[in-house]
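Visitor: Could you take me through the aromatic contacts, giving the criterion behind each term?

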Amino acid sequence: MAYSEKVIDHYKNPRNVGQMDKASTEVGTGLVGAPECGDVMRLQIKVNPATRVIEDAKFKTFGCGSAIASSSLATEWVKGKTVDEALEIKNTDIVKELSLPPVKIHCSVLAEDAIRAAIGDWKKKNVAVEHSMATAGAAN
Amino acid sequence: MPAHDMTSFAEPPTKIVCWSCGRENPASAQFCDGCGKLQPSVPVDYFQFFGLPRRFRLDRAALEKSFYALSRKLHPDLYARAGAQEQQWSLEKSSLLNDAWRTLRDPLARTEYLLELEGVRLEEQSRNATDEAAASGTAKQQIVPPDLLEEVFELNMQLEEMRTAHASGQNDPAMAAGLQAARRHFESQLEEAMEQLQALWAEWDNAADAHNIVEQKAVQQKIVDLLNRRSYIRNLVRDVQQALAS
């Protein structure tokens, strides 16, 4: 099966590979796995507490080319978005962008899971922030 | 195999009337008990096809024997001069026979197949959990326990480090020894997983014999967890073997 050019590009030149300080309250870490293929993916986001904008994102994925490309793309997409905007990213958007074949759709699912898990982790660390934002939102 | 075992789960039509002599046969019969004529293809699962109860454990030697016996008796060449219908049935049954044999003889394929018959689709669990998370706006319930993911991630990191050093031409004997040790470690984990699987097979089969559905479901979940864990270990074995071969 041939990979699309975009997958190959992300695979050969993955964006934002690396790691951030897991203990930092500004950092959310998502570690997810796809049992079907045994892949494992770690995606981290660094969130500005005042604006809730994701200022940086890093990933490290052990898996096939599509899994690496999906997570590489996910880090590119979340950067500059608020956490709420980032939650809108759907695996189907990744499938479309990378032209993933049906057998590789689970790789995009994994990337969506990773975003969600990283944001979930960040929110857990920032319950107080979350609460004040929710109140502010309700007042508007 | 006693007939009552076979019908303890799904209840497909139990009897079928022979098209040739009118005798009643069990629905899964390949041949009429009376006239010996080939019977129509009916939708049966692989266990039913071989007249086996739906259990994880089976007698591999007995299965192989029935496979060879049936392949001879069902072979389309034998029906070259029979009616068009019988020719068709022999083709269909031969093809089903091969699929059933290939699936049931392999312990993992058989396990996944039986789980599927019980309504568990390994391929879909992750997808379903994602959909649920998206719908409720929460982080996804991971199929694999977090500590296992951590462990797998760490092992992958180490493996990558070893591989990079290996590939950059550093023929460090300690590195090679490290890879060898890692391979032995993961391979023994794979064997352990297989032993655990066999123990769970026995638990499930016993529960099935006792018609204890609650227990069956509980053991089923343990089997799914174990298979998920095993996929990760299998990948690590594959990766370390590749690293050693390069």
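Predicted model: local features only at pLDDT ≥ 70, side-chain atom pairs only at ≥ 80, totals over all residues.

Visitor: Why are B:Phe67 and B:Trp101 called stacked?

Guide: Rings of Phe, Tyr and Trp (its six-membered ring) pair if their centres lie within 6.5 Å, and planes under 30 degrees apart count as stacked, over 60 as edge-to-face and the rest as tilted. For B:Phe67 and B:Trp101 the centres are 4.6 Å apart and the planes 10 degrees apart, and the pair is therefore stacked.

Visitor: What makes this pair a link between parts of the chain?

Guide: B:Phe67 lies in helix α3 (residues 60-74) of chain B and B:Trp101 in helix α4 (residues 84-105) of chain B, so the pair ties together parts 34 residues apart in sequence. Helices here are DSSP runs of H or I with at least four residues, numbered from the N terminus.

Visitor: How do you know whether B:Phe67 is buried or exposed?

Guide: Buried means under 20% relative accessible area, exposed over 50% and partly exposed in between, with a 1.4 Å probe and protein chains only. B:Phe67 has 7% and is therefore buried, and B:Trp101, with a relative accessible area of 7%, is buried too.

Visitor: Which residues form one aromatic cluster?

Guide: B:Tyr46, B:Phe47 and B:Tyr113 do.

Terms used:
Residues numbered from 1 in each chain as written. Chains lettered and ligands numbered in written order. Heavy atoms only, no water. Helix = DSSP H or I, 4+ residues; strand = E, 2+ residues; numbered from the N terminus.
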